[in-house]
Structures are given as C-alpha cells and as structure tokens.
Amino acid sequence: MSPLLACSGLTMRFGGLTALDSLDIAVGTGETVGLVGPNGSGKTTFFNVLTGLYRPSEGAVRFEASDLFGRSPQEISRAGVARTFQRSRLMLDQTVFDNIALGALGRVDLGLLPALVFRSRFRRDLSALVEKATALTRRFNPHIAASLFKPAGSFTMIDRRRIEICRALIGGPRLLLLDEPSAGMTHEETRHLMDDLLAFREEMPDLAIVLVEHEMDVIRRISDRCVVLNFGRKIFEGAFDALLADPDVQTAYLGGSQ
Amino acid sequence: METAQLTGTRPAEVVRTQGLHRLLVAAIVALLFAGGGFLLHSEAQGEVIALLAAFVAIFVFAERLSAGRRAIALCRAHPGTVNLAAAVSVLAIAAVLREEHYTLLMMATVALFATAAAGLTLQMAFAGVPNFAGAGFFAIGAYVPAVLGGTGIPHLVVLLIAGCAAALLGLAILLPVLRTRGHYAALVTIAFGLLLRSFLEVNDVLGGPQGMKVPAFSLFGLSFARITEIGPYDVSFYLPYALAGCALFALAFFVVRRLETSFVGLAFDAVRSDEVAASVFGLSIARWKATAFLIGNAMIGVAGALYGMMNGFVNPNSANFGDSLIMLSILVLGGFGNLWGAVVASVVILVIPEKLQAIQEYRLVIFALLVIAILRFRPSGLMPRATRDLSALAMGGQR
Ligand SMILES: Nc1ncnc2c1ncn2[C@@H]1O[C@H](COP(=O)(O)OP(=O)(O)O)[C@@H](O)[C@H]1O
Ligand SMILES: [Mg+2]
C-alpha cells in the first residue's frame, strides 16, 4: 500500500543555507511519526514546506494521489493537511469558537448570499459547527467547552495549545502536523495533553500525525516510528528503542560537530 | 447563585424583565439621540458647550460607574431594540426639525459620511485593507450622477451605477494593494487618490477644475429639489436628503453587521489578524481582501453620489487627501469596527467645528490632537468594537 504522504529528495534552501537536505520521509495512514532533532535542524521548516508556506527548492511531495509540490497553502489545506504552530497563532481578542471555526471555514459555504440573505442556511451550518467545536474541546478540557464564547486570550497557555489543536482537528484532516505542542509546559501538563491526544487518536484511527517534540518520554509513548533530523538531513529513521542507541543521533545531540 | 435564581424565575417574569430591559434600552437610545438632535440644531454657544459637557460626562460615567456599565451591557444585549429606537428617534427628530435647512443638511452629511465610514470599516477594520483614498471613491460616486443624472436613467439605478463605478475604479489598484503590505499598500491608495484628483482636474469632459453640476436626486420621478411640503407641512429641501441619507446608512449598517456575524466576517478577521494562519486553513487572502475592498468602495461610492446630488455640484477638490483623512479619523475616533462609533465620530468631526465658532479656525489642529489623544489613551476608539459572539445565532439555528 502506498503511504499517505511521501516526500522524496525534498530540499529547501535559503540563499546559501540548506535547511532541508534531500529528505525522504513517508507517513502512512493512521501512523504517528515522531520528528526530533536539535534546534535549527529543520523541523519547523519541514512543516512550513509541507503546508505550502515555503516553496521547496527541489524534490517531490505526494499526498495520496495528488502532487503537492509547490502548491499553495490553500490547496494543501483542501487536500487534508492541518497543523499547529510552534509559536501559538491564535487571535487572542476573538472567542475560542471564532478561532476554532477558522479550521472549518474551508468546509462551509462562504458565499455572500448565505451571509446576507439566506441566513437560515448559515445558522444551520453555524449550529452544527458549534456542536462540533463543543464536542471537540470537551475532550481536551471541559472548561474550554463551557467557555466557548470567551476570548481566547483569557485562557492559560496550555488551554491555548489545546484550542490550537482543536482548530487543526475540526476540519477533519487526514494529516495533522504538531509543532512542539508541549513547548513551555510542565511535565504534568505535557502528559495530560498527550493522554488527550492518544484518547482522541483511538477514535480517529485513520488520522496520520507528525509530532515535533523534544521530550523523549512523549515521543516514546506516542509515536509508531521516529525520524531524526540534523542540519536538515535525516540521520535516523526507525523504532524509538533504536533511536537512543544510534551513534549518529548521539553525536548530534551531544554536540558533535560535522 | 445567579443561575439558580434565573432558572427559578417563571417565564412570565422573564418576559416582563426582558420587556423592561428593552424599554430601558429604548429610553437610553432615545435620550442620546434627542441630545444629538439638540446639538445639531443648537446655535447658541452656551447651549452647545453645555450639551458637549453633558455628553462627555455621560461618556465618562458610563464606563466608570457600575450602573453605566450595566447600561452599556444592556444595550449590547439588545441590538435589535437599539436599532429600532434609533430609527424611530431619527424620524422623530426629522419630523420636529422638518423646516431647519442647516440642521437637516448636517444630519444628511453625518449619515452619508457614516455610510462611507461603514465601507471603510469593511476594508480596514475587518479585512485589514488600507484605504487612504476614501474621498476619492466618494467623489467618483458624485461624478456618476453628474454625468448620468440627466439621461433619464432612474436615480436609484444611478446610485447603483455610482457604487459599481467606485468599485470598478478601485479594481485598478486592487492588484498593487493586494501584492504590497502595510505601509506600501497604504501608499498605493494615497497615490491613487492624488492621481484621480489630477486626472479630474485636466479632464475637460468632466468639467476640469470647475467640476460639474449634479442634478437633484429624484425618487420615482419626484425630484427632491421640488419637495417643499409634505401634506399640510412645509418642509426643508434637505429633509428628504436627511431621510434618504439615514436610510442609506441603515442599509450599510445592515450589510456590515450581517457580514460581521457570518462566516464571511470570520474570514475577514482571520485574514486581517494572521495571514499565515488564515492561508494554512485554506482561506484565500486575495479573495477576502478583494471582496472587502470592492464592497467597501461601492458603499463609499453610493454615499458620495447622494452627497453630490444634495450639494448640486462636484469638483476635483472633492477628492482631496484631507477629506480622506477625515474619513479615517472618523474610523479611528469612533472605534475601528463599531458603526455606532462612526456615527458619534462623524458628529464630533463634522458638526462640532461648525457649532463652536471659537475652534473653527483651528479645526484641523484640533482633529489632529484629538486623533493623537485617542491613539495614545484609547487606541480602540471612543466606542470599541465588541468581541463577536455567535452563540445566540447558533442557538436560533438549532430550532
Ligand atoms: N524564512 C527563513 N529564512 C532564512 N532561514 C530560515 C528561514 N526559516 C528557517 N530558516 C533557517 O533554517 C534552519 C532550520 O530552522 P527550523 O526549521 O526553524 O529549525 P527547528 O524547527 O528544527 O528548530 C535554521 O538555520 C533557520 O535559521
Ligand atoms: Mg521549530
């Protein structure tokens, strides 16, 4: 069976800097891949290329049957790729619902007529979306579900992360990219978030996830397979147990210079 | 505690409190409009100053005192009542002041500038597209009836054409506005305004520097210029314009509010606040910015057309940069994204300098100081835009 996402020879150069160096990465349907690597190794760049924010210099990106190389973020979103950001990108003065709804705007009628004239149609879509957002947030934290119409800025850091994950999930993506969702959280909070994510996964067996994470515990618990990047190159791919023993990974993390 | 009390209340009582609340909201709105009407009408310096002081006091206390805050919350909770009370108040003011040329002229001017501000609100406050050429699009609107007014095309259609003309000419700068960002996009619109003005000045077909005469608006064959009495009452020539201006603002208000509380409004806000997040979730930045720019310019154009027909002439100077800045000050002063704020600010900026002879000479200086003070001490404006809350709409949709 062909994988859901297949990148081959994916390269991203910024001037003289090669941030991604002929990467071959595949992700299967329903698979969770842990993406690790020292700071600056290209993890976020990989996500930015995958979601169309950067146009890759070379390589190929296949997603299911379609070619996503060099496509716009809009086309890639439509194909079923959603993400969170390393630095939270919520609209803090807008309600939680408004933030989460952004993730579903690609799947509702955005025409001017339903907005201006045929309001009943819009209201039906809206009710359905509120229900969905309530169900989704309740899974991560009932408190968020109960305050769906409070400004996102009134929530704690960890709840904001949860809101961002809900925003990425509400559109029903096939592939979810999580960029350091636990950054700035305590161990306890991180554990919570991952429990919720694992519980959610059970119900969405087809959802593929790529998770960037520094905490090895989390990676071990959640990922089916790991990929390690260093200076934009893939230096390891395999099961978590083999990761720590790998000499290349050890040099990369213990500050071995190239 | 409070929830327990609420659930314990019987429906009849709930209905009664709701009714009382509505009545209270209507009274507040009527009182504010009555004060506004007085201000518009008053000539005596002492009276004007006293009214202004009263408004400032109401404004300050509304936020400092808990009763005031409750009143604001109540008004926000009953927007339908606010709108209805406002409409009735306007009609009442117009009926009372039916013969006052100058007051009605100012009422119409405020309504039409507030309509233009509604267009700018869609563009700048919602979608984040700068437009420093508001007066330019307003003037384009006014030139359309100047050209087409005498051709026999019904004037309601001429208004529509004026809106389309403003939107279409806006298309000329759409691409550069979308391709550039922030200050550069703003510069593109400034350049458009300056070019437009020079073009109008050298273009003989459009009357050159002298401009053109604009025929009076006529509705179903009845020219506003010939309306001097309604039934047994003598009325000012400006009364129909004041009413038409207010109707136009009501329409713009309706469109802007509906767009704001819809998926389109969500898209506008997302595109303005975070282009990266918006694109990653599939929104086309260009589509939404273009939508806001076109609809906004159409609104400004229609308002400008009616304004031109009321004044009876239009010239290149109508498209001057200073007037564009005045439109922007209305937005900044009133509160980015709040149309009632735009009405209040239009009164402050267009009416007060006319009323206070002492400041007339310094009006530009005073605007500048006012805008700087607002930006410094109250950056979201006199009446900040409320956080959109779609919960009530969603509840209705389930039934
Ligand atoms: N827009 C950009 N322009 C230039 N260099 C960039 C850009 N984005 C990322 N980089 C560089 O690419 C490398 C990888 O960065 P990044 O993907 O953020 O690493 P990680 O997420 O693994 O910490 C870094 O050296 C970074 O400076
Ligand atoms: Mg990163």
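This is a predicted model: local features need pLDDT of at least 70, side-chain atom pairs count only at pLDDT 80 or more; totals for chains, interfaces and linings use all residues.
Me: Which element gives the most to the lining of the second largest pocket?
Reply: The pocket has a volume of about 580 Å³. Elements giving two or more residues to its lining are α8 (155–171), α11 (239–260) and α14 (285–311) of chain B. Lying nearest the centre are B:Leu156, B:Leu159, B:Leu248, B:Leu251 and B:Val302. With seven residues, the element that gives the most is α11(B).

Me: B:Arg257 and B:Glu260 meet in a salt bridge; how many residues apart are they in helix α11 of chain B?
Reply: The N to O distance of this salt bridge is 2.9 Å. Both residues sit in helix α11 of chain B, separated by about one helical turn. The spacing is three residues.

Me: Is B:Glu260 buried or partly exposed?
Reply: Buried means under 20% relative accessible area. B:Arg257 has 36% and counts as partly exposed. B:Glu260 has a relative accessible area of 4%, so B:Glu260 is buried.

Me: Which residue of chain A is linked in a network of salt bridges with B:Arg257 and B:Glu260?
Reply: Over all chains, the structure holds 27 salt bridges. The network that includes B:Arg257 and B:Glu260 also takes in B:Asp269, B:Arg272, B:Arg385 and B:Arg388. From chain A it includes A:Asp98.

Me: Which residue forms a salt bridge with A:Arg191?
Reply: The closest N and O atoms are 3.5 Å apart. A:Arg191 is partly exposed at 42%. Its partner is A:Asp195.

Me: How many residues apart in sequence are the parts that A:Asp195 and A:Arg221 tie together?
Reply: The side chains of A:Asp195 and A:Arg221 meet in a salt bridge at 3.0 Å, N to O. A:Asp195 lies in helix α8 of chain A and A:Arg221 in helix α9 (residues 216–222) of chain A, so the pair ties together parts of the chain separated in sequence. A:Asp195 is partly exposed at 31%, and A:Arg221 is partly exposed at 40%. The separation is 26 residues.

Me: Which strands are the edge strands of the open sheet of four strands in chain A?
Reply: The sheet has the order β2-β1-β4-β5, with antiparallel pairing. An edge strand pairs on one side only. That applies to β2 (17–27) and β5 (66–67) of chain A.

Me: Which residue in the turn of the hairpin formed by β1(A) and β2(A) has a positive phi?
Reply: Strand β1 (residues 5–14) of chain A is joined to β2(A) by seven bridges and the two run antiparallel. A:Arg13 has A:Thr18 of β2(A) as its bridge partner. Two residues lie between the strands, and the phi in question is about 60°. The residue is A:Gly15.

Me: How many residues of strand β7 (residues 175–179) of chain A are buried?
Reply: On one side, A:Leu175, A:Leu177 and A:Asp179 are buried, and on the other, A:Leu176 and A:Leu178 are too. Both faces are therefore covered, and the strand is largely enclosed by the rest of the structure. The number buried is five of the five.

Me: In β8(A), which residue is the bridge partner of A:Asp179?
Reply: β7(A) pairs in the parallel sense with strand β6 (residues 81–83) of chain A over three bridges. β7(A) also pairs in the parallel sense with strand β8 (residues 208–212) of chain A, over five bridges. The partner of A:Asp179 is A:Val212.

Me: Which residue has its backbone oxygen 3.0 Å from a polar atom of the side chain of B:Asn338?
Reply: B:Asn338 is in the loop between α15 (321–334) and α16 (339–355) of chain B. B:Asn338 is buried, with a relative accessible area of 12%. The backbone oxygen belongs to B:Met383.

Note on methods: Residues are numbered from 1 along each chain as its sequence is written. Chains are lettered from A and ligands numbered from 1 in the order in which they are written. Side-chain values use heavy atoms; hydrogens and water are left out. On a 1 Å grid over the protein atoms alone, a cavity is a set of points where a 1.4 Å probe fits but cannot get out, and a pocket is an open set with protein on both sides within 12 Å along at least five of seven lines; lining residues have an atom within 4 Å of a point. Grid points are joined across faces, edges and corners, and a volume is the space filled by probe spheres set on the points. A salt bridge is a side-chain nitrogen of Lys or Arg within 4 Å of a carboxyl oxygen of Asp or Glu. Buried means under 20% relative accessible area, exposed over 50%, partly exposed in between (1.4 Å probe, protein chains only). Two strands pair if DSSP finds at least two bridges between them. A polar contact is a pair of N or O atoms within 3.5 Å; within protein, one must be able to donate a hydrogen and the other to accept it, and residues adjacent in sequence count only if both atoms are side-chain atoms.
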